[in-house]
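Work through the exercises below with the structure on screen. Try each task before you read its solution.

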Amino acid sequence: MTGLLSSSSKRSVQRNAVILPAYSFALGLIALLGFMAVAAGVKAMPEFAAGFKAFGNNFAVPALFLKSFPAWFVGIAFAAIAIGALVPAAIMSIACANLFTRNIYKEFFHPAASPKQECDIAKIVSLVVKLGALFFIIGLPTQYAIQLQLLGGIWIIQTFAIRDPRPLHAQTSSDRTADRMGVRYRRGNLDGGAVGVQDIDLCAEHPGHNRALLRGAEFASPQHCYGGGVERAFQRALKNTAYR
Amino acid sequence: MTMNPIAVTIFVALFVFVTVLGFVAARWRRGDLTHLHEWGLGGRRFGTLVTWFLLGGDLYTAYTFVAVPALMFGAGAAGFFAVPYTILVYPLMFAVFPRLWAVAHAKGYVTAADFVRGRFDSRMLALAIAVTGIVATMPYIALQLVGMEVVIAGLGIPMTFTIGGIAIPDAPLLIAFVVLAAYTYNSGLRAPAMIAVVKDALLYITVLAAVIVIPAELGGYAKIFASIDPKSLCWRWANRGILVRNRRMRRSVLDRHWHCCFIRIR
């Protein structure tokens with residue numbers, strides 16, 4: 001989320017959705033390292049016994065690298081993993097800091113906060129969050145962190161599903177499909193979508209005016225609302241997301 | 001585990017390099033760092049490529065690098081779940097996020113909860129989203145430390161330092177996190193964005209080397225796959241459900257087959 005909001009244009013967000021699967025390809029290769037570790041038989045090697053005892057299967061990749069690579073490359077590979085821990089930790093702590101500052105501190109405690117005060121609070125919160133994470137690891141068993149991370153995913157998904165406000169009997173199955181995808185949409189097709197695209201941007205500038213426009217559209221074309229399969233529900237959802 | 005001086009030297013050198021980069025990042029695409037959108041969103045000035053590195057850095061982490069192969073190592077092919085799991089997000093991202101970005105840009109939203117606040121006009125809903133986000137992210141940060149712990153131990157660096165007779169557990173982790181905290185505080189989102197480029201370069205080099213060098217040492221991919229227990233190529237976790245269904249299906253297929261034979265014999 002933070003990464004997406006920090007990009008410079010709509011276009012670059014879209015392009016990223018297209019080029020990010022490159023990472024998934026790399027991930028497939030990374031996953032294969034697990035099989036390589038099995039084939040290399042690292043688990044049976046006495047020099048890695050202590051590592052496997054301390055970290056379980058998580059030690060498979062480091063053991064494989066230690067066995068297969070010369071020392072200088074082990075340094076590079078391990079640095080890649082360690083730096084790979086720093087980057088997300090930094091991004092996530094910043095995301096937490098932004099959330100706290102904007103939606104808790106400014107909203108409930110200090111609505112008149114100046115930009116500088118906002119920023120100072122965010123910086124401090126980013127430190128606190130990292131301390132908290134450190135406490136997790138040093139103070140609690142690792143398994144807790146994994147379980148809580150999984151729970152975290154579940155919590156986030158809960159907030160993602162926003163219900164259609166109409167009573168259930170007034171919704172069609174395609175409405176509910178779009179609903180389940182977590183997007184709230186307007187009834188009505190808005191003249192084949194062209195308006196749908198523009199009005200999002202207009203809405204951002206003149207919310208009141210365009211809300212009226214949208215509301216008018218809702219009544220103007222009820223025949224576009226109901227019926228239709230998943231595809232149409234999805235299309236409609238796309239056209240009419242983001243603003244209400 | 002014994003400490004290898006060459007590996008440790010290169011590891012530490014890269015770590016120091018990245019730290020310097022983290023502090024220098026404050027000057028990159030310079031902005032007024034006393035504003036939240038400058039500190040916390042890099043001034044919304046990252047182009048396609050930097051965003052790609054940043055998102056990649058956020059999605060593919062140390063824990064991924066360690067835990068996904070670990071799952072393949074222990075549980076077998078089930079570990080591949082991670083690949084489709086990551087791909088699921090992209091179509092949604094393509095469809096919905098450009099809009100979200102446009103609205104956030106026009107209205108100066110910094111967080112997802114800001115958007116919820118503006119759209120649904122509810123402070124409490126925004127609060128709920130913010131709290132969920134914070135509580136759910138914390139353990140994920142902690143998990144990154146697990147990945148780091150494993151490689152530090154793999155290098156043979158002792159985890160407990162004794163300074164002046166007082167033993168400090170997990171000292172390398174503490175040092176790494178204090179350094180991280182310092183440059184995040186100083187440079188905001190610019191620091192991880194810049195470091196993410198280095199991290200991914202290293203990561204891709206490592207993966208590329210690994211998928212070429214290791215199979216060559218082990219005698220090729222065919223040999224690697226041959227050494228895997230065939231049972232672990234199935235999705236063992238789901239076995240119970242699938243097996244029952246399969247058995248029922250198999251039985252019905254067999255029944256029909258028997259039936260045919262029976263008719264033919266008769």
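**Exercise 1. The core**

Which residues have the most contacts inside the largest nonpolar core, and how many residues does this core have?

*Solution.* Keep in mind that this is a predicted model.
Step 1: count the core. The largest nonpolar core has 129 residues.
Step 2: find the main contributor. H6(A) gives the most to this core, with 21 residues.
Step 3: zoom in on A:Leu64. Setting aside neighbours within four places in sequence, A:Leu64 is in contact with A:Leu33, A:Met36, A:Ala37, A:Ala40, A:Val42 and B:Ile214.

**Exercise 2. An enclosed helix**

Explain why helix H5 of chain A is largely enclosed by the rest of the structure.

*Solution.* 
Step 1: locate the helix. H5 of chain A covers residues 60–68.
Step 2: apply the cut-off. A residue is buried if 20 or more other C-beta atoms lie within 10 Å of its own C-beta atom.
Step 3: list the residues that pass. In H5(A) they are A:Ala60, A:Val61, A:Pro62, A:Ala63, A:Leu64, A:Phe65, A:Leu66 and A:Ser68.
Step 4: draw the conclusion. Eight of the nine residues are buried, so H5 of chain A is largely enclosed.
Step 5: name the packing partners. From chain A, the buried residues of H5(A) pack against helix H3 (21–40), helix H4 (49–55) and helix H6 (71–109). From chain B, the partners are helix H4 (62–75), helix H8 (123–154) and helix H10 (190–218).

**Exercise 3. Where the chains meet**

How many residues of chain A are in contact with chain B?

*Solution.* 
Step 1: count both sides. 118 residues of chain A are in contact with 135 residues of chain B.
Step 2: find the largest share on the chain A side. H6(A) supplies it, with 35 residues.
Step 3: sort the chain A side by type. There are 79 nonpolar, 28 polar and eleven charged residues.

**Exercise 4. Two chains compared**

*Solution.* 
Step 1: take chain A. It has twelve helices and zero strands. Buried residues make up 45% of its 244 residues.
Step 2: take chain B. It has twelve helices and two strands. Along the sequence, its pattern is α-α-α-α-α-α-α-α-β-β-α-α-α-α. Of its 266 residues, 41% count as buried.
Step 3: check the sequence range of contacts. In chain A, 64% of the contacts between residues at least 6 apart join residues at least 24 apart. In chain B, residues 24 or more positions apart account for 64% of the contacts with a separation of 6 or more.

**Exercise 5. A positive phi**

Is B:Asp121 buried or exposed?

*Solution.* 
Step 1: B:Asp121 lies in the loop between helix H7 (112–120) and H8 of chain B.
Step 2: read the backbone. Its phi is near 55 degrees, a positive value in a residue other than glycine.
Step 3: count neighbours. B:Asp121 has 10 other C-beta atoms within 10 Å, so it is exposed.

**Exercise 6. Confidence**

Where in chain B is confidence lowest, and where is it highest?

*Solution.* 
Step 1: start with the whole chain. Chain B has a mean pLDDT of 80, and 87% of its residues reach 70 or more.
Step 2: compare elements. Confidence is lowest in helix H12 (residues 239–265), at a mean of 42, and highest in H10(B), at 91.
Step 3: look at residues 236–266 of chain B. Their pLDDT stays under 50, and the model has five contacts for them beyond four places in sequence.
Step 4: apply the rule. Where pLDDT is low, the predicted coordinates should not be read in detail.

How values were computed: Residues numbered from 1 in each chain as written. Chains lettered and ligands numbered in written order. Predicted model: local features only at pLDDT ≥ 70, side-chain atom pairs only at ≥ 80, totals over all residues. Buried ≥ 20, exposed ≤ 12 C-beta atoms within 10 Å, placed from the backbone. Helix = DSSP H or I, 4+ residues; strand = E, 2+ residues; numbered from the N terminus. Contact = placed C-beta atoms within 7 Å. pLDDT = per-residue confidence, 0-100. Nonpolar A, V, L, I, M, F, W, Y, C, P; charged D, E, K, R; others polar. Core = buried A, V, L, I, M, F, W, Y, C linked by C-beta atoms within 7 Å.
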